[in-house]
Amino acid sequence: MKLATWNVNSLKVRLPQVLDWLAAEQPDVLCLQELKLEDKAFPLAEIEAAGYRAAFSGQKTYNGVAILARAPLADVGCGIPGFADEQKRVIAATVGDLRVVCAYFPNGQAVGSEKFAYKLDWLRALTAWLGDELTRHPRLALLGDYNIAPDERDAHPDWQEEIHVSPPERDAFRALTALGLADAFRLFEQPEKSFSWWDYRMMAFRRNFGLRIDHILLSPPLAAACTGCHVDKAPRKLERPSDHAPVVAEIGH
DNA sequence: ATGGCGCATGGAATGCGA
(Lines give C-alpha, C1' and ligand atoms only; values in the text may rest on other atoms or scores of the structure.)
Protein backbone atom coordinates (compact mmCIF):
# COMPACT_ATOMS: atom_id res chain seq x y z
CA MET A 1 0.00 0.00 0.00
CA LYS A 2 1.28 3.41 -1.00
CA LEU A 3 0.46 6.57 0.96
CA ALA A 4 1.48 10.03 -0.23
CA THR A 5 1.20 13.72 0.59
CA TRP A 6 1.63 16.72 -1.70
CA ASN A 7 1.16 20.43 -1.17
CA VAL A 8 0.05 21.42 -4.67
CA ASN A 9 -0.17 25.22 -4.20
CA SER A 10 -3.44 25.58 -6.15
CA LEU A 11 -5.23 22.43 -7.29
CA LYS A 12 -6.67 24.40 -10.19
CA VAL A 13 -3.22 25.07 -11.61
CA ARG A 14 -1.72 21.71 -10.65
CA LEU A 15 -4.59 19.36 -11.58
CA PRO A 16 -2.92 18.07 -14.77
CA GLN A 17 0.23 17.28 -12.78
CA VAL A 18 -1.78 15.57 -10.06
CA LEU A 19 -3.63 13.40 -12.61
CA ASP A 20 -0.36 12.49 -14.33
CA TRP A 21 1.22 11.65 -11.00
CA LEU A 22 -1.72 9.47 -9.92
CA ALA A 23 -1.52 7.56 -13.20
CA ALA A 24 2.24 7.08 -12.90
CA GLU A 25 2.53 6.31 -9.19
CA GLN A 26 -0.83 4.67 -8.45
CA PRO A 27 -0.91 5.60 -4.75
CA ASP A 28 -3.67 4.09 -2.63
CA VAL A 29 -4.02 7.37 -0.74
CA LEU A 30 -2.92 10.88 -1.73
CA CYS A 31 -3.33 13.77 0.70
CA LEU A 32 -3.35 17.24 -0.86
CA GLN A 33 -2.84 20.64 0.75
CA GLU A 34 -3.25 24.24 -0.37
CA LEU A 35 -6.09 23.54 -2.77
CA LYS A 36 -6.90 27.26 -2.82
CA LEU A 37 -10.40 26.63 -4.10
CA GLU A 38 -13.93 26.38 -2.78
CA ASP A 39 -15.65 23.00 -2.57
CA LYS A 40 -17.92 23.85 -5.48
CA ALA A 41 -14.83 24.23 -7.67
CA PHE A 42 -13.24 20.94 -6.58
CA PRO A 43 -12.43 18.89 -9.72
CA LEU A 44 -14.25 15.77 -8.51
CA ALA A 45 -15.22 14.48 -11.96
CA GLU A 46 -11.63 14.50 -13.21
CA ILE A 47 -10.39 12.75 -10.07
CA GLU A 48 -13.13 10.12 -10.22
CA ALA A 49 -12.36 9.55 -13.89
CA ALA A 50 -8.80 8.79 -12.79
CA GLY A 51 -10.14 6.03 -10.52
CA TYR A 52 -10.09 7.88 -7.21
CA ARG A 53 -12.64 8.99 -4.66
CA ALA A 54 -12.16 12.18 -2.70
CA ALA A 55 -13.03 13.90 0.55
CA PHE A 56 -12.23 17.60 0.59
CA SER A 57 -12.55 20.77 2.63
CA GLY A 58 -11.70 23.93 0.80
CA GLN A 59 -12.06 27.69 0.91
CA LYS A 60 -11.37 30.63 -1.37
CA THR A 61 -7.76 31.72 -1.97
CA TYR A 62 -6.08 30.01 1.00
CA ASN A 63 -5.62 26.60 2.59
CA GLY A 64 -7.85 23.69 1.62
CA VAL A 65 -7.15 19.96 2.07
CA ALA A 66 -8.27 16.75 0.40
CA ILE A 67 -7.82 13.00 0.70
CA LEU A 68 -7.89 11.01 -2.54
CA ALA A 69 -8.19 7.23 -2.30
CA ARG A 70 -8.89 4.24 -4.52
CA ALA A 71 -11.11 2.70 -1.81
CA PRO A 72 -14.19 4.30 -0.22
CA LEU A 73 -13.66 7.05 2.35
CA ALA A 74 -15.69 6.62 5.53
CA ASP A 75 -16.21 8.68 8.70
CA VAL A 76 -14.99 11.89 7.11
CA GLY A 77 -14.32 14.71 9.55
CA CYS A 78 -13.10 18.26 8.97
CA GLY A 79 -11.07 20.43 11.30
CA ILE A 80 -9.83 19.72 14.80
CA PRO A 81 -12.79 18.90 17.06
CA GLY A 82 -13.19 21.55 19.76
CA PHE A 83 -10.80 23.97 18.02
CA ALA A 84 -12.84 26.62 16.25
CA ASP A 85 -11.02 27.66 13.09
CA GLU A 86 -12.24 29.17 9.84
CA GLN A 87 -9.10 28.02 8.05
CA LYS A 88 -9.58 24.70 6.27
CA ARG A 89 -6.48 22.81 7.32
CA VAL A 90 -7.54 19.35 8.46
CA ILE A 91 -9.53 16.48 7.01
CA ALA A 92 -9.67 12.91 8.27
CA ALA A 93 -11.16 9.75 6.79
CA THR A 94 -11.11 6.00 7.24
CA VAL A 95 -9.85 4.09 4.21
CA GLY A 96 -10.12 0.35 4.70
CA ASP A 97 -8.60 -0.33 8.13
CA LEU A 98 -6.54 2.86 8.03
CA ARG A 99 -7.32 6.19 9.65
CA VAL A 100 -5.88 8.94 7.45
CA VAL A 101 -5.42 12.49 8.74
CA CYS A 102 -4.42 15.11 6.17
CA ALA A 103 -3.19 18.42 7.58
CA TYR A 104 -1.87 21.75 6.35
CA PHE A 105 -0.07 23.15 9.38
CA PRO A 106 0.05 26.94 9.79
CA ASN A 107 3.09 28.66 8.34
CA GLY A 108 3.69 30.87 11.37
CA GLN A 109 5.26 33.70 9.33
CA ALA A 110 7.78 34.84 11.97
CA VAL A 111 8.69 33.69 15.45
CA GLY A 112 6.81 35.83 17.97
CA SER A 113 4.15 37.03 15.53
CA GLU A 114 0.40 36.55 15.98
CA LYS A 115 0.51 33.91 13.28
CA PHE A 116 3.25 32.12 15.18
CA ALA A 117 1.07 32.04 18.32
CA TYR A 118 -1.75 30.63 16.19
CA LYS A 119 0.62 27.97 14.84
CA LEU A 120 1.53 26.83 18.35
CA ASP A 121 -2.10 26.90 19.55
CA TRP A 122 -3.13 24.90 16.51
CA LEU A 123 -0.34 22.39 17.15
CA ARG A 124 -1.41 21.94 20.76
CA ALA A 125 -5.00 21.31 19.70
CA LEU A 126 -3.96 18.90 16.95
CA THR A 127 -1.74 16.92 19.30
CA ALA A 128 -4.41 16.63 22.00
CA TRP A 129 -7.00 15.50 19.45
CA LEU A 130 -4.65 12.95 17.85
CA GLY A 131 -3.99 11.45 21.27
CA ASP A 132 -7.71 10.66 21.46
CA GLU A 133 -7.92 9.63 17.84
CA LEU A 134 -5.13 7.10 18.32
CA THR A 135 -7.05 5.34 21.08
CA ARG A 136 -9.96 4.91 18.65
CA HIS A 137 -7.80 4.18 15.59
CA PRO A 138 -4.55 2.31 16.31
CA ARG A 139 -3.74 2.24 12.59
CA LEU A 140 -3.35 5.96 11.97
CA ALA A 141 -1.26 8.02 9.56
CA LEU A 142 -0.81 11.80 9.75
CA LEU A 143 0.26 13.18 6.39
CA GLY A 144 0.75 16.75 5.29
CA ASP A 145 2.67 19.97 5.09
CA TYR A 146 3.85 20.43 8.67
CA ASN A 147 5.76 23.66 8.04
CA ILE A 148 8.34 22.33 10.51
CA ALA A 149 11.79 21.00 9.71
CA PRO A 150 12.13 18.56 12.63
CA ASP A 151 15.90 18.69 13.08
CA GLU A 152 19.14 20.07 11.74
CA ARG A 153 19.35 17.61 8.86
CA ASP A 154 16.00 18.88 7.60
CA ALA A 155 17.09 22.42 6.75
CA HIS A 156 19.78 23.55 4.34
CA PRO A 157 22.78 24.79 6.35
CA ASP A 158 22.31 28.28 4.87
CA TRP A 159 18.67 28.58 6.01
CA GLN A 160 18.69 31.92 7.83
CA GLU A 161 15.14 32.29 9.10
CA GLU A 162 13.99 31.07 12.49
CA ILE A 163 10.59 30.11 11.18
CA HIS A 164 10.18 26.35 10.55
CA VAL A 165 13.26 25.52 12.60
CA SER A 166 12.68 27.32 15.93
CA PRO A 167 12.81 25.37 19.21
CA PRO A 168 9.08 25.83 19.97
CA GLU A 169 8.15 24.42 16.57
CA ARG A 170 10.53 21.50 16.94
CA ASP A 171 9.22 20.87 20.46
CA ALA A 172 5.71 20.74 19.02
CA PHE A 173 6.84 18.23 16.40
CA ARG A 174 8.39 16.10 19.13
CA ALA A 175 5.12 16.24 21.06
CA LEU A 176 3.51 14.58 18.04
CA THR A 177 6.12 11.83 17.83
CA ALA A 178 5.81 11.40 21.61
CA LEU A 179 2.29 10.15 20.95
CA GLY A 180 3.99 7.13 19.42
CA LEU A 181 3.99 8.38 15.85
CA ALA A 182 7.11 7.65 13.80
CA ASP A 183 8.55 9.88 11.06
CA ALA A 184 8.39 7.38 8.17
CA PHE A 185 11.22 9.11 6.32
CA ARG A 186 13.65 8.56 9.19
CA LEU A 187 12.87 4.85 9.47
CA PHE A 188 15.26 4.44 6.54
CA GLU A 189 18.67 5.59 5.38
CA GLN A 190 18.27 8.72 3.29
CA PRO A 191 20.51 10.89 1.14
CA GLU A 192 22.00 13.92 2.89
CA LYS A 193 20.19 17.18 2.29
CA SER A 194 16.86 15.55 1.50
CA PHE A 195 14.18 18.23 1.30
CA SER A 196 10.54 18.47 0.25
CA TRP A 197 10.19 22.23 -0.36
CA TRP A 198 12.30 24.69 -2.32
CA ASP A 199 11.57 28.40 -2.72
CA TYR A 200 10.52 29.48 -6.19
CA ARG A 201 13.08 32.27 -5.98
CA MET A 202 16.87 32.34 -5.98
CA MET A 203 17.08 29.21 -8.12
CA ALA A 204 16.56 27.38 -4.86
CA PHE A 205 15.67 24.03 -6.40
CA ARG A 206 18.71 24.01 -8.67
CA ARG A 207 20.89 24.80 -5.64
CA ASN A 208 18.95 22.32 -3.46
CA PHE A 209 18.31 25.17 -1.03
CA GLY A 210 15.32 23.63 0.72
CA LEU A 211 13.60 22.34 3.80
CA ARG A 212 12.07 18.99 4.70
CA ILE A 213 8.68 20.11 5.99
CA ASP A 214 6.28 17.59 4.42
CA HIS A 215 5.98 14.48 6.53
CA ILE A 216 4.25 11.16 7.03
CA LEU A 217 3.89 10.13 10.67
CA LEU A 218 2.81 6.54 11.35
CA SER A 219 1.33 4.89 14.42
CA PRO A 220 3.23 1.82 15.72
CA PRO A 221 1.52 -0.93 13.68
CA LEU A 222 1.98 1.09 10.48
CA ALA A 223 5.57 2.04 11.27
CA ALA A 224 6.32 -1.64 11.86
CA ALA A 225 4.89 -2.47 8.43
CA CYS A 226 6.52 0.45 6.59
CA THR A 227 8.96 -0.74 3.91
CA GLY A 228 10.11 2.58 2.46
CA CYS A 229 9.70 6.33 2.33
CA HIS A 230 11.03 8.88 -0.14
CA VAL A 231 10.60 12.35 -1.60
CA ASP A 232 9.63 12.28 -5.28
CA LYS A 233 11.48 15.26 -6.74
CA ALA A 234 10.29 14.63 -10.30
CA PRO A 235 7.20 16.89 -10.17
CA ARG A 236 9.33 19.75 -8.83
CA LYS A 237 11.28 19.66 -12.11
CA LEU A 238 8.22 20.19 -14.31
CA GLU A 239 7.10 23.45 -15.90
CA ARG A 240 4.99 25.48 -13.44
CA PRO A 241 5.67 23.19 -10.48
CA SER A 242 4.37 23.39 -6.97
CA ASP A 243 7.13 24.54 -4.63
CA HIS A 244 6.62 21.26 -2.69
CA ALA A 245 7.41 17.73 -3.86
CA PRO A 246 5.31 14.67 -2.96
CA VAL A 247 6.42 12.42 -0.11
CA VAL A 248 5.57 8.72 -0.41
CA ALA A 249 5.51 5.88 2.11
CA GLU A 250 5.01 2.19 1.35
CA ILE A 251 3.22 0.06 3.91
CA GLY A 252 3.28 -3.74 3.84
CA HIS A 253 0.27 -5.80 4.87
C1' DA B 1 17.85 44.91 5.26
C1' DT B 2 15.17 43.75 0.97
C1' DG B 3 13.60 41.23 -2.97
C1' DG B 4 13.82 37.66 -5.70
C1' DC B 5 8.65 33.69 -7.68
C1' DG B 6 4.06 32.05 -8.09
C1' DC B 7 -0.78 32.20 -7.00
C1' DA B 8 -5.15 34.58 -5.88
C1' DT B 9 -8.07 38.47 -6.34
C1' DG B 10 -9.73 41.42 -9.66
C1' DG B 11 -8.87 43.70 -13.49
C1' DA B 12 -3.56 47.12 -10.73
C1' DA B 13 -1.44 46.39 -6.93
C1' DT B 14 -1.21 43.82 -2.85
C1' DG B 15 -1.18 39.84 0.48
C1' DC B 16 0.69 35.64 1.38
C1' DG B 17 3.49 31.60 1.26
C1' DA B 18 8.07 29.33 3.55
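The following legends describe close-up views of a predicted model.

**View 1. Residues of the annotated active site.** An unreviewed UniProt entry lists Y104, D145 and H244 under "active site". These residues span 141 positions in sequence, yet no two of their C-alpha atoms are more than 12.4 Å apart, so they gather at one spot. Y104, D145 and H244 also belong to the lining of the largest pocket.

View 2. D145 is located in strand 8, which covers residues 140-145. Is D145 buried or exposed? Its relative accessibility is 1%, and because buried means under 20%, D145 counts as buried. Leaving aside neighbours within four places in sequence, D145 is in contact with N7, Q33, A103, Y104, F105, I213, D214 and H244. Two residues of the UniProt "active site" set, Y104 and H244, are therefore among the contacts of D145.

**View 3. Surroundings of H244.** H244 occupies the loop that connects strand 13 (226-231) with strand 14 (247-251). With a relative accessibility of 4%, H244 counts as buried. Beyond its neighbours within four places in sequence, H244 is in contact with W6, N7, D145, S196, W197, I213 and D214.

**View 4. The largest nonpolar core.** This core holds 70 residues, of which I67, F105, W122, L126, L142 and L218 touch the most other members. Which helix gives the most to this core? Helix 3 (residues 114-136) does, with ten residues. Apart from this core lies another one, of 19 residues, including V8, L15, L22 and Y52.

**View 5. Surroundings of L142.** L142 is one of the residues that touch the most other members of the largest nonpolar core. Neighbours within four places in sequence aside, L142 is in contact with V101, A103, F105, L126, L130, L176, H215, I216 and L217.

View 6. The strands follow the order 3-4-2-1-14-13, with mixed pairing. Strand 3 (53-57) and strand 13 form the edges, each pairing on one side only. On average, neighbouring strands of this sheet are turned by 10° against each other, direction ignored.

View 7. Strands of a sheet pair through backbone hydrogen bonds, either parallel or antiparallel. Strand 1 (residues 2-7) pairs with strand 14 in the antiparallel sense, over four bridges. The bridge partner of T5 in strand 14 is V247. Helix 1 (residues 11-25) lies across strand 1, strand 2 (29-33), strand 4 (65-69) and strand 14. The helix runs at about 160° to strand 1.

Methods
Residues numbered from 1 in each chain as written. Chains lettered and ligands numbered in written order. Predicted model: local features only at pLDDT ≥ 70, side-chain atom pairs only at ≥ 80, totals over all residues. Heavy atoms only, no water. Core = buried A, V, L, I, M, F, W, Y, C linked by side-chain atoms within 4.5 Å. Buried < 20%, exposed > 50% of the residue type's maximum accessible area, 1.4 Å probe, protein only. Helix = DSSP H or I, 4+ residues; strand = E, 2+ residues; numbered from the N terminus. Contact = heavy atoms within 4.5 Å. UniProt positions renumbered as here; feature names shortened; annotations may be inferred. 1 Å grid on protein atoms, 1.4 Å probe; cavity = no way out; pocket = protein on both sides within 12 Å on 5 of 7 lines; lining within 4 Å. Pairing = 2+ DSSP bridges. Axes fitted to C-alpha atoms, helices over the stretch in contact; angles between N-to-C directions.
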